[in-house]
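Good morning, colleagues. Please turn to the structure on the screen, and I shall take you through a few of its features.

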Amino acid sequence: MATRKTASRASAKPNVSADELKAYYRDMLLIRRFEEKAGQLYGMGLIGGFCHLYIGQEAVVVGLEAAAEEGDKRVTSYRDHGHMLACGMDPKGVMAELTGREGGYSKGKGGSMHMFSKEKHFYGGHGIVAAQVPIGAGLAFSDMYKGNDRVTFTYFGDGAANQGQVAETYNMAELWALPCIFVIENNQYAMGTSVKRATKSPDFWERGAAYGIAGEAVDGMDVLAVKAAGEKAVAHCRAGKGPYILEVMTYRYRGHSMSDPAKYRTREEVQEMREKRDAIEHVRQLLLTGGHASDEDLKKIDKEIKDIVNEAAEFSKESPEPALEELWTDIYADVAPQDA
Amino acid sequence: MATEILMPALSPTMEEGTLAKWLVKEGDTVSAGDILAEIETDKATMEFEAVDEGIMGKILIAEGTEGVKVNSPIAILVEEGEDVPEAGAEGNGETAPAPVALETSEGKADPAPATAQPAPATAKSNASPDWPEDAEMVKTTVREALRDAMAEEMRRDDSVFVMGEEVAEYQGAYKVTQGLLDEFGARRVIDTPITEHGFAGLGVGAAFGGLRPIVEFMTFNFAMQAMDQIVNSAAKTLYMSGGQMGAPMVFRGPNGAAARVGAQHSQDYAAWYSSIPGLKVVQPYSAADAKGLLKTAIRDPNPVIFLENEILYGRSFEVPKVDDLTIPFGKARIWREGTDVTLVSCGIGMTYTLEAAEQLAKDGIEAEVIDLRTLRPLDYDTVIASVQKTNRCVTVEEGFPVCSIGNHLSAYIMTHAFDYLDAPVLNCTGKDVPMPYAANLEKLALTSVKEVIEAVHAVTYR
């Protein structure tokens, strides 16, 4: 985290406008309030199965989306709600998928871990740890094959970083100079196993060197540092220099999933992160101390977010369950949907 | 004493090869271990060493000759002082006539040596014919048919590309992708590192991104490393995304037992893949079906498992010379009509089935032989209609017996044609053991013509 010498922090901050900073605040707050609401709905029995919340990690996706352009692709694991909101997917559709309703992004057939948006170039939502990594490289391959300059953000966690297919993918990505940004969201715990209990080589980004892939560690609690690193990575990929690894040092406040008692870390550790390193509070202070926003401006944003989230929650309750015939649809395609 | 040098077998399934180049000439002195010639097999070009010493008396097979049968004489070695046969003189009676060297240009005919496998039975058309009945037929190997299918589809659609181990510069581990690199270049014919899990997943991502990947596995045994990407990512995404995106792609390669390669290289995965909703599964037997079904597979907007067979690669069949041969999925082919028993098979299983049907006919038992061709979708109607006619059924496959394709068909027939059955449905399968290496045990582990005939006698009670 902050003690990591390699992590870039304030020094690498880009110039941003007050409006951009406010937008990041808003986008991060949307994710947090959305996830809090999802936690409530889970407690009420409206959301079932696995539900992995993104609270604490908001600066990662908001910072990187700030570095992305239209047409860039993204793919991630099962902790995916934040990524979907950050790339502009509709909170109503995401929440209704969590409740397993017809109005959800996958018509209620995917659930928390399996959502997609062709329109927003979001390719899932994958439930098998690290399976999205070669898929992300394949998406990047498709753009290279077509000869455009789009890049793919391939997100995975510190747990996935130890999977064999990550090594296989690094090798191919550098071999073929694929425009793929590997984003390792290091939240320090693979479910209940801390990084130091899982590997003797804890600097995940440095593993890229074995394959010739450039990379760096980034302070993931600082949205501006993430954005700056993201822009550097994007420029590297768009210039045809091959893949880039960003190890983004972050922290998950909630348990691995809703059923996680979180006995593997102390309450104090979590509390300290929340109080001293919170990414949203950091931007809030930048806005207030820099005179870019008043308390009242921020309250207005808070209110706006609260309304969006409440509306999403209402929609997710009112949207009907999928029709029974839906059991038998979407097993085979007559036309490939991505061609349609 | 003159010694015949015979065409060597350089791979487990090699039946014939190309004598690519002689490295000695007539009259040269040869020591044991000297490299005599380069032999091209279905997999590779190999150097062929002398076992004995002597003088190269006569070269019987000219370099560049294709289709030289294993164990046929290719040269005569003489001892020092022994007369060298005159150039131009014919061999000694025992020598098989040397095939004529063929031009290595496109469109060459298959040499089709006289001693090839028994000619397959003539297909009987079920419902509609797969191609115009007056189409010119060209003898083609399964290997060439598969290559032609890929080449035609790659010409037709720029988003089609092929990737896998040794598909490009090596020209294919089994030479199925031969010539594709030359025609389509390295952008579309891509050698991968040995990374099955990784490149299968990369292929899925490329399909999500709008391309039409053909992912070749050197054999489907290695695809077990990629099983998660095939099943969890490729097969399920269309459903999980509510129809928003899927993986239009082909996973192909040789499947099942080859010859003498042991337990880890000899498994038939037809039943495994056929149990997965979201996958389509093809297992062709003939070259025409291999071509027409692969073209259909490449155009299909879903993930298709295309199960080839190493032993069938070198077999020749009549393939119609038509502009665009596509064969629909879910349409079985009736190879032989009969009234006494229904034999259902596909892929390599058809070799046992057709041979058994021929022998049974001599005993007055007329078997109807159905080649399913695709296992998902499966042409249940053709099977049921036939069982309603014959009242008996035997299935034939090389896969393991537990949860086999035959088990599934038996259950289906019991459910849908119970009252028509005059005997239990019997399944001829591989044995419930890992594939042994020893030749006699390997033969025992696979099903056989004899087993099929016995099963037919059992169900016909005669």
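I shall speak about the domains of chain B, then a sheet, and then a pair of helices.

Please bear in mind that this is a predicted model. The domain assignment divides chain B into domain 1, residues 3–78, domain 2, residues 137–320, and domain 3, residues 333–460. Between the centres of domain 1 and domain 2 of chain B, taken over C-alpha atoms, there are 34 Å. Five residues of domain 1 of chain B and twelve residues of domain 2 of chain B make up the contact. On the domain 1 side, three of these residues are charged, one is polar and one is nonpolar.

I turn to the sheet. Seven strands of chain B form an open sheet in the order 11-10-12-13-15-14-20, and the pairing is mixed. Its edges are strand 11 (189–191) and strand 20 (374–376) of chain B. On average, neighbouring strands are turned by 20° against each other, direction ignored. Within the sheet, strand 13 and strand 15 of chain B run parallel and are joined by six bridges; Phe251(B) has Ile305(B) as its bridge partner in strand 15. Helix 7 of chain B, residues 287–299, packs on this sheet, and its direction makes about 155° with that of strand 15 of chain B.

Finally, the helix pair. How do helix 9 and helix 13 of chain B pack? Their axes lie 9 Å apart, at an angle of about 55°, and the two helices are therefore oblique to each other. The crossing is right-handed. Residues meeting there include Tyr352(B) and Leu360(B) from helix 9 of chain B, and Val452(B) and Ile453(B) from helix 13 of chain B. By class, this contact has seven nonpolar, two polar and one charged residues.

Terms used:
Residues are numbered from 1 along each chain as its sequence is written. Chains are lettered from A and ligands numbered from 1 in the order in which they are written. This is a predicted model: local features need pLDDT of at least 70, side-chain atom pairs count only at pLDDT 80 or more; totals for chains, interfaces and linings use all residues. Domain bounds come from an automatic or database domain assignment. Two residues are in contact if their C-beta atoms, placed from the backbone, lie within 7 Å. Ala, Val, Leu, Ile, Met, Phe, Trp, Tyr, Cys and Pro count as nonpolar, Asp, Glu, Lys and Arg as charged, and the others, Gly among them, as polar. Axes are lines fitted to C-alpha atoms, for helices over the stretch in contact, and angles run from 0 to 180 degrees between N-to-C directions. Helices (H or I, at least four residues) and strands (E, at least two) are DSSP runs, numbered from the N terminus. Angles under 35 degrees count as roughly parallel, over 145 as roughly antiparallel, 65 to 115 as roughly perpendicular and the rest as oblique. A crossing is left-handed if the near helix is turned anticlockwise from the far one by less than a right angle, and right-handed if clockwise. Two strands pair if DSSP finds at least two bridges between them.
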